[in-house]
Amino acid sequence: MEGLLGKLRKLDAYPKINEDFYNRTLSGGLITIATSIIMFLLFISELRLYLRPITETKLLVDTSRGERLRINFDITFPALSCSVVSLDAMDISGEEHLDVKHDIIKRRIDTVGNVIEVRQDGIGAPKIEKPLQRHGGRLEHNETYCGSCYGAEASDNDCCNSCEEVREAYRKKGWGMSNPDLIDQCKREGFLQKIKDEDGEGCNIYGFLDVNRVAGNFHFAPGKSFQQSNVHVHDLQAFQKESFNISHKINKIAFGDYFPGVVNPLDGIQWIQDAPYGMYQYFIKVVPSVYNDINGQKIQSNQFSVTEHFRTDELGRVQALPGVFFFYDLSPIKVTFTEEHVPFLHFLTNVCAIVGGVFTVSGIMDSFVYHGQKAIKKKMEIGKFN
């Protein structure tokens, strides 16, 4: 048994030195304090990294199909009134959403940005005071009101009881409304007067669009839109204006839900129009993204990059529709972000590396300082004897 213990004793890689042979110095004490502080700070730093999840990024081919794309927006037009601006969306599959009113809110704002009124959409409410019937007479007591659509009826039973309904009927026919005062509903509701009253105001529009997950565009432009000879046009005659100021500020625009680390490059962007007429275009590349947090929750969203261009009227070119256009396309590559903890063995390895590395370096420094002091002291003693 004694022989076995003796052999084990010979394997000791850490031979002990008798304390009588230790020589403790002031420099060694200072280095020990500094080393302990450095070790402690590095250990705290490593512990924070261990406790905080890290995010791993992977690139995959996007194989998802049949999904929808949600576009959240909040845009302010300081020189375009809410009565004038409208929102359209369309994609390459042929789906169109013209003059979108659902899921969006318009806020009238003054020249300094204060909110005047918040409304869903439209220009005021109709005033039913002896309106003109479709048959030509005025509305009588106990008679059901049915206003004329002025030739834009889809069937004989259709009624247009407000200026907005007449404009919508005209839009479906692909007609422009040159003079709203000739329309009884618009004259009664004071359509042109309301536009004049709001002249000089701005408009803040916010909400969201739910569209197909294919390439397309959405745009904010004056007037109602309609198709004429397979061309998308806007009826600007009703506003009786020669130019429109499409200066705008994008408070927020996002293709999907927020997730940690996402950056939307258009948030806070502002553009001031100098030319009297033109079209501002944003070309967006949408990158599908999936974020898996440490609790196992999955967030399906998107990131995007963007370039921009302002198209003015040039000689020999078709006049550009005034408005702000967002053209988007989807990338075939999907990015996945996964939160995960650092493995404990990795943490333990780093702690050992910190302790061993700092201890070794401090030992080298202490040895250098100790032998340097001895050499200097020896030379000083030799100088005394000489």
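Mentor: Buried means under 20% relative accessible area and exposed over 50%, with partly exposed in between (1.4 Å probe, protein chains only). This is a predicted model, in which local features need pLDDT of at least 70 and side-chain atom pairs count only at pLDDT 80 or more, while totals for chains, interfaces and linings use all residues. Residues are numbered from 1 along each chain as its sequence is written, and side-chain values use heavy atoms, with hydrogens and water left out.

Trainee: Let's start with the rings. How many aromatic pairs does the structure hold?

Mentor: Rings of Phe, Tyr and Trp (its six-membered ring) pair if their centres lie within 6.5 Å; planes under 30 degrees apart count as stacked, over 60 as edge-to-face and the rest as tilted. Counted that way, the aromatic pairs in the structure number 22.

Trainee: What arrangement do Phe-218 and Tyr-328 have?

Mentor: Their centres are 6.3 Å from each other. The planes make an angle of 45°, and the pair is tilted.

Trainee: Which strands does that pair link?

Mentor: Strands here are DSSP runs (E, at least two residues), numbered from the N terminus. Phe-218 and Tyr-328 are 110 residues apart, so to speak in distant parts of the chain. Phe-218 belongs to residues 216-222 and Tyr-328 to residues 323-330, which are strands S8 and S15.

Trainee: Are Phe-218 and Tyr-328 buried or exposed?

Mentor: Phe-218 has 0% relative accessibility, so that residue counts as buried. Tyr-328 has a relative accessible area of 4%, and therefore it is also buried.

Trainee: Next, Tyr-280 and Phe-310: what kind of pair are they?

Mentor: The ring centres are 6.1 Å apart. Because the planes meet at 35°, the pair is tilted.

Trainee: How many residues apart are Tyr-280 and Phe-310?

Mentor: Tyr-280 sits in strand S13 (residues 278-292) and Phe-310 in strand S14 (residues 298-312). This pair too links distant parts of the chain, with a separation of 30 residues.

Trainee: Which residues form one aromatic cluster?

Mentor: Both pairs we discussed belong to it: Phe-218, Tyr-328, Tyr-280 and Phe-310 are among its members.

Trainee: Which ring does Arg-70 lie over?

Mentor: A charge sits over a ring if NZ of Lys or CZ of Arg is within 6 Å of the ring centre and within 35 degrees of the ring normal. Arg-70 is 3.6 Å from the ring centre, over the face of Phe-208.

Key:
Helix = DSSP H or I, 4+ residues; strand = E, 2+ residues; numbered from the N terminus.
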